[in-house]
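This report describes one protein model, part by part. Please keep the sequence and the structure in view while reading.

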Amino acid sequence: MTQGIRPFSFTSPGALHLEWGSARRLGELMAGWFSQRRVLIVTDKFLHQAGLLDPAKASLAAHGFEVTVFDDVVADPPEALVQSATAAGHNARCDLVIGLGGGSSMDIAKLVAVMLVAEQPLAAMYGIGNVQGQRVPLLQVPTTAGTGSEVTNITILTTGETTKMGVVADQLYADRVLLDAELTTGLPAMATAATGIDAMVHAIEAYTSAHKKNPLSDAFAREALKLLTQNLVTACTDGGNRQAREAMLLGATLAGQAFANSPVAAVHALAYPLGGHYHLSHGLTNALMLGPVLRFNLPKAAPLYAELAEVVMGQQQGDTAARAQAFVAYMEALMDASGAPRRLRDVKVSQESLPMLAKDAMAQSRLLINNPVEVTEADALALYQQAF
Ligand SMILES: [Zn+2]
């Protein structure tokens, strides 16, 4: 008897719409999608003040929506933001939430959509599957191509000085996702590189994830990596390029769907302590750790890296080990070409802090268990030293 497909499940938002410039006709689209009319837009001050929301707001107003904007979202959002955004929504009797911005805005929007009708406190929602009841309708509109937050069911909040806690629940999947890459054209080259590399890491780590990798997450990861690798440099050097921006945004979303179902691993586990202690962006910290972790994983992941070599470079000559090495070299060269900083010392990480970072990385057991090769504290230290 031949072996069948290992059982798996794959979850995702209800619907996805990709259209260049579609935020300009957001009201028209929303009127067709939802019956509710009192919208809370969750975003950040920078986007709001830069006028990025103006066409969308005008279109919503023209189609009979009452719009309230909550623009206090910051990076690494503290849990108090959920409470204040919920209060803003309650005051205006909002019955519909739009998350518009980067990962933090969309993360907050997910929880606010739940909190607007919740009968349990936020503190009871932390963990996996602890959210009870439903939420108000939720649309997600990403303005960066990276986090994949628009298609995941997780929100990470900062609950202490550097401590973070997550809410993971199916209620956090949006009803709909709107991909309008025109919103991403103003993103500076360095932010484009960092967020794009984060998205590539999502695809690679989903493809090599130790336990939940499945045929659908593999398909999403492969297509994501193809789109992202082929368009990263153009998106960085020619920010207004529609084709590159659309490919990056779609690629980041597909990578998000891959890792929502087949979780990320050691690159992220080692990146988080760097972000926590040095306040470096999530994408940048992933870019710094990707090379060392890819090489570390080669003993186990080589067959999968060899498959990814074909995805990004086409048919390759040589044995599995050679093709896997070629994939690692390709990714390193691509990160060099993106202009992102490549060494920890370039971003002012001190050598003395590496043991502390390695110790902190061990706390990311929820991610480390997904790595194809086991990572000990000594391994983590060696990886930081390689990245230094
Ligand atoms: Zn990430």
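## Paired strands

Two strands are said to pair if DSSP finds at least two bridges between them. The structure described here is a predicted model. In it, strand E2 (residues 38–42) and strand E4 (residues 96–101) pair in the parallel sense over 4 bridges. Within this pairing, leucine 40 stands opposite valine 97 in E4.

Strand E2 is also joined to strand E3 (residues 66–70) by 5 bridges, and these two strands run parallel. Here the bridge partner of leucine 40 is threonine 68 in E3. Strand E2 is mostly covered, with 4 of its 5 residues buried.

## Nonpolar cores

In soluble globular proteins, nonpolar side chains tend to be buried together. In this model, the largest nonpolar core has 106 residues. The residues with the most contacts inside this core are Val97, Tyr305, Phe327, Leu344 and Tyr384. Helix H10 supplies the largest share of the core, 16 residues. Apart from this core lies another one, of 19 residues, among them Leu26, Leu139, Leu178 and Leu183.

Leaving aside its neighbours within four places in sequence, tyrosine 305 is in contact with several residues, including Ile204, Leu294, Phe327 and Val328.

## The zinc site

Which residues are the protein donors of the zinc ion? They are Asp198 (OD), His202 (NE2), His268 (NE2) and His282 (NE2), lying 2.1 to 2.2 Å from the ion. Along the sequence, these donor residues follow the spacing D-x3-H-x65-H-x13-H. Histidine 202 in helix H6 (residues 189–207) and histidine 282 in helix H10 are 80 residues apart, and this pair links distant parts of the chain.

The angles among the 4 donor atoms run from 87 to 163°, and the site is irregular. A tetrahedral site with four donors would need all angles to lie between 85 and 135 degrees.

Histidine 282, in contrast, is partly exposed, because its relative accessible area is 28%. The cut-off for a buried residue is under 20%.

## Asparagine 286

Asparagine 286 lies in helix H10, which spans residues 282–313. This residue counts as buried because its relative accessible area is 0%.

The side chains of asparagine 286 and histidine 268 are joined by a polar contact of 3.3 Å. Not counting residues up to four places away in sequence, asparagine 286 touches Asp198, Val201, Val267, His268 and Ala271. Asp198 and His268 are among the donors of the zinc ion.

Technical notes:
Residues numbered from 1 in each chain as written. Predicted model: local features only at pLDDT ≥ 70, side-chain atom pairs only at ≥ 80, totals over all residues. Heavy atoms only, no water. Buried < 20%, exposed > 50% of the residue type's maximum accessible area, 1.4 Å probe, protein only. Polar contact = N/O pair within 3.5 Å; in protein donor to acceptor, adjacent residues only side chain to side chain. Contact = heavy atoms within 4.5 Å. Core = buried A, V, L, I, M, F, W, Y, C linked by side-chain atoms within 4.5 Å. Donors = N, O, S within 2.8 Å, 3.2 Å for Na, K, Ca; no water. Tetrahedral: all angles 85-135°; square planar, octahedral: opposite > 155°, others 65-115°.
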